[in-house]
Amino acid sequence: MEQRQQRKEQQIQQRYQEEQEESEEQSEQLEQQQDDLLQSRSQLERPKYDMVLQVTMKQPNEAELITKLKKIYAELIEAEKKCTTEDKAALPEPSPAIPRPRPNFLNDPEWVSMSRLHSKLLHLHQDFLFTTQHPNASDAIRKLVSDYHMPLRIWQYCVQPFFHMLRAGLPATREHLFTFVNEVYNTIVQINQRVPAHSDTWMFYLACTAELRMTVERVHDEIELWRGIARRWYAKCTDLTPADGELYHRLDALAIPVPLQQMFLSSKSLCVANPFLFTREIAMPLFFQRIQALRASLPPLEVQFIKSHSFLFADTDLSEADVERYKKAKERFIETLDARIAGSKTRFSAQGYQIAMSNCAALVEYGSKDSAIMKGVATKTAESAGLVDTKRLIMAEDLANETLLMVIRRIQETSVFAFLHVTLAFLYWTTKHPAAFDHVKRQFPWKPVIKALETLLNPDTDLATIRSNNFPVPESNAQPLPEDYALRGVIWAEGLFPADWFLKGEMNQDERLEENWFMAKQRTMRILWLACRIAVSKAMEDFEHSEAMSRFKYIDAPYLGGRA
């Protein structure tokens, strides 16, 4: 019995092993089949050259783009109307009694609702602008941006009113203001990239937005960050429209507290083809008052220089007492100038051309058409008959010439070259208008200036370059000098630079102001070239100092130590 039981157990065990082996064999076969199937499918689906196939999308045609634009524009019109209505209801019109009215509501849910409404309008403008720039859009569709005045409307109906409202509602609206400012800034950055035909407008809006953010910030680092961003965008705008005076006024407001730079920018905003008259009427008088209020904390040179200009800028008749106060301020400025040149080294280069630009602006009475020099420019005759030197012109010449005399005493310091460069550029401009030059030449210190210029001549001077009528473009490191950007756009630098000069060596705003080792040589050539241009001008004919200037007209070999 036991043997039979053992045999039965062995048979059961053997059958179990056989079934187990058969099951394992079937599993292996199934796995192999699955692997084969996956491999074959992979081979079938693998793209040629192992490249991922791009998803094909249907591109809209012109008719579809027009349909889409009509839909967006209809929504945009409704949103504009609603924003305008809500803005007027929320913020009353200013009045003499209430020049800065506060919004009629201040609770948070209403601010949220207004923010959403203006945000919606902002993005409808973005959608409209992006659709007009579609690759399949025709020229007629792209032209809709200008035809419908979209750059103006996005600011006029969407951004600017709500900015004013949010500022009026401070401090309760601070978070809403920051959120909307960031949204506007980021959206316009994208628009500027996609709609480059209106870059000057977009960059101006970006600068205004950054400036607003700066004015409402309370953290110093954030204030300086947004100040730098605003200055960068305004400076980029000047690249596109260098004769727009408002840009220099806004840069002036961002230059606080650098008095010489502010004085230069304020003056320049009035001495361009499109002057910003707000500077003359309000900004400059306030600037002079602010500097006087801060005079205890500012260096004496800046205080006395700006005080001197405040008398030249005044729109009232100057009394004898005013003239005496002007003379004292001028004398104190001149007394501190030599020490500033000696102590500042290369830093005086920027200060020098800023002082020169301000003095040149004073000579044309800050762009006033009633100034004797500007009348001389407008006069077609060679004589300045009937054009008398005004008291302010005589005082401005006095300041400019005494500053020049003090500067050329340091002619061996290369840091004064930028000042001399700007001054000669102004003098060269007047030679093109003999009636204007007639006012300048009588008081100009010709002999000391000529003597100083002679020291710049040496046997290595490139005579062909300075004798040429063509602008002296250096063979290497051909890029604008820092003062070239200061001169660009002002009335006395018209036609001075080649058309493509500011396209050479494109640099960011900070790099433009950096002093480099090669600039001293370039400034020397520029100064001598301008001296030659003045010497050969018709305005110098029959002038008592023409013989002295003739050495720049006929630079001969004996004078240069035998150089042919």
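What follows is a working chat about the helices and one histidine of a predicted model.

Biologist: What should I know about the model before I read residue numbers off it?
Modeller: It is a predicted model, in which local features need pLDDT of at least 70 and side-chain atom pairs count only at pLDDT 80 or more, while totals for chains, interfaces and linings use all residues. Residues are numbered from 1 along each chain as its sequence is written, and side-chain values use heavy atoms, with hydrogens and water left out.

Biologist: How many helices and strands does the protein have?
Modeller: The protein has 25 helices and zero strands, where helices (H or I, at least four residues) and strands (E, at least two) are DSSP runs numbered from the N terminus.

Biologist: And what share of the residues is buried?
Modeller: Of the 564 residues in the protein, 48% are buried, with buried meaning under 20% relative accessible area, exposed over 50% and partly exposed in between (1.4 Å probe, protein chains only).

Biologist: Switching to His118, where is it, and is it buried or exposed?
Modeller: His118 lies in helix H3 (residues 108–132), and His118 counts as buried because its relative accessible area is 0%.

Biologist: Which residues does His118 touch?
Modeller: Leaving aside residues up to four places away in sequence, His118 touches Cys83, Asp87, Tyr157, Cys158, Phe162 and Phe180, a contact being heavy atoms within 4.5 Å.

Biologist: Now the helix pairs: how do H13 and H17 cross?
Modeller: The axes of H13 (residues 300–313) and H17 (residues 391–408) come within 9 Å and cross at roughly 160°; axes are lines fitted to C-alpha atoms, for helices over the stretch in contact, and angles run from 0 to 180 degrees between N-to-C directions. That makes H13 roughly antiparallel to H17, since angles under 35 degrees count as roughly parallel, over 145 as roughly antiparallel, 65 to 115 as roughly perpendicular and the rest as oblique.

Biologist: Which residues make that contact?
Modeller: Ser308, His309, Phe311 and Leu312 of H13 make the contact with Arg392, Met395, Ala396 and Leu399 of H17.

Biologist: What about H15 and H18, are they parallel or antiparallel?
Modeller: The axes of H15 (residues 348–363) and H18 (residues 417–431) come within 7 Å and cross at roughly 25°, and H15 and H18 are therefore roughly parallel to each other.

Biologist: Which residues of H15 and H18 meet?
Modeller: From H15, Ser349, Gly352, Tyr353, Ile355, Ala356, Met357, Cys360 and Leu363 meet Ala418, Phe419, Val422, Thr423 and Phe426 in H18.
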